Amino acid sequence: MSFEILKDLLATAEHATLVLTSDQKIAACNERARHLIAPELETLEGRALPDICTGRLLRFYNLVSSAMQSGDAVTNSELAMGDAACTMDVRRGDGFWIVRIRDVTEQLANLYKLRQAEAEKEEMWQLMMTALNGISVGIVVADAQGGIIYVNRFARKFIGDLMERSRLEDRASHMGLYEADGVTLRAPHRQGIQRALKGETVMGERLVLRNELTERALNLHSNAAPFYDREGNIAGAVGWIYLLDQLDENAEPVRPEESAEIIDLMFRKNRE
């Protein structure tokens, strides 16, 4: 291969590339390599690598020199080139040594930002779960198929794992969920979660809960609403209950728009 052709190939190379002779002189390099190694010099061709690789470039030179002396290739070695974070390959070519340097500063910065954002999101989610487990409101979340994926601590005091262990058609009898009369079991098609999965928002319905965990009949305000994915499809539903003995009997239930704000905050992570 002629020297001119080699220079043309180097000029179009995606990464900084050096071609070294066996006595460590730079036979050819592209502009990316010159900018990383010695931007103050107009050209690097013909110069001995150890003469220009001092100070901040000493680790770079030692890695290249060690590879050339041992004859062993170097792959994806990490190093700093000034302010740039890089990886480097060194391999023997046909009569030359090829050094290829990849500037991964931007990639690492983007990765760091992504991991930082994920950590912050996870921290926020954990704080939200702690808050949900500390409030005196029962929260139940179902996926798009109606499977129960979350029950907060307050709700578990009264329903335990009865919802998770039961099929939809048996859920009311297993939980002891009745209409306001305390006698009629709540039919599957009337249960808030199932209605919310069809797009309905259910607000302030009065129900009675009675099972081995409650020890007595509890009067409830029952509510449910859907939440959505990025495409606008229903991704699941959230139900929340208040014990009426904790509320003024004449109190108005939480308004739908207020509930929507709560749901959006709670389940934003589901959509991101």
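**Entry 1: N30**

I began with N30, which at 5% relative accessibility counts as buried (under 20% relative accessible area is buried, over 50% exposed, and anything in between partly exposed, with a 1.4 Å probe and protein chains only). I am working on a predicted model, in which local features need pLDDT of at least 70, side-chain atom pairs count only at pLDDT 80 or more, and totals for chains, interfaces and linings use all residues. Residues are numbered from 1 along each chain as its sequence is written, and side-chain values use heavy atoms, with hydrogens and water left out.

I placed N30 in the loop between strand 2 and helix 2 (31-37). Helices here are DSSP runs of H or I with at least four residues, strands are runs of E with at least two, and both are numbered from the N terminus. The N30 side chain reaches the backbone oxygen of H15 at 3.0 Å. It also reaches the backbone nitrogen of A33 at 3.0 Å.

**Entry 2: positive phi**

I checked two residues other than glycine with positive phi. Q24 has phi near 70 degrees and lies in the loop between strand 1 (16-20) and strand 2 (26-29). Q24 is buried, at 12% relative accessibility. N76 has phi near 50 degrees; I found N76 in strand 3 (residues 74-81). With a relative accessible area of 48%, N76 is partly exposed.

In what order do the five strands of the open sheet stand? I read 2-1-5-4-3, with antiparallel pairing (two strands pair if DSSP finds at least two bridges between them). Strand 2 and strand 3 are at the edges with a single partner strand each, so one side of each has no neighbour in the sheet. Neighbouring strands are turned by 25 degrees against each other on average, direction ignored. Axes are lines fitted to C-alpha atoms, for helices over the stretch in contact, and angles run from 0 to 180 degrees between N-to-C directions.

Strand 1 and strand 5 (residues 97-103) run antiparallel and are joined by five bridges. I noted L20 opposite W97 in strand 5. Helix 4 packs on this sheet and touches strand 1, strand 3, strand 4 (84-92) and strand 5, contact meaning heavy atoms within 4.5 Å. The direction of helix 4 makes about 160 degrees with that of strand 3.

I looked up L58, which is in helix 4 (residues 58-70). L58 is partly exposed at 42% relative accessibility. From L58 to M81 the C-alpha distance is 9.7 Å, and the two are 23 residues apart in sequence.

I read the order of a six-stranded open sheet as 7-6-11-10-9-8, with antiparallel pairing. The edge strands, each pairing on one side only, are strand 7 (148-151) and strand 8 (177-178). Strand 10 (residues 218-228) runs antiparallel to strand 11 (residues 234-243), and nine bridges join them. P226 stands opposite A237 in strand 11.

**Entry 3**

An α-helix has 3.6 residues a turn, so residues three or four places apart point the same way.

**Entry 4: Q194**

I found Q194 in helix 9 (residues 192-196). Q194 is buried, with a relative accessible area of 16%. Leaving out residues up to four places away in sequence, Q194 touches G146, L168, R171 and P188.

**Entry 5: cysteines**

How many disulfides are there? I got zero, taking a disulfide as a pair of cysteine sulfur atoms within 2.5 Å. C53 is buried, with a relative accessible area of 2%. C86 is buried too, at 3% relative accessibility.

Methods: A polar contact is a pair of N or O atoms within 3.5 Å; within protein, one must be able to donate a hydrogen and the other to accept it, and residues adjacent in sequence count only if both atoms are side-chain atoms.
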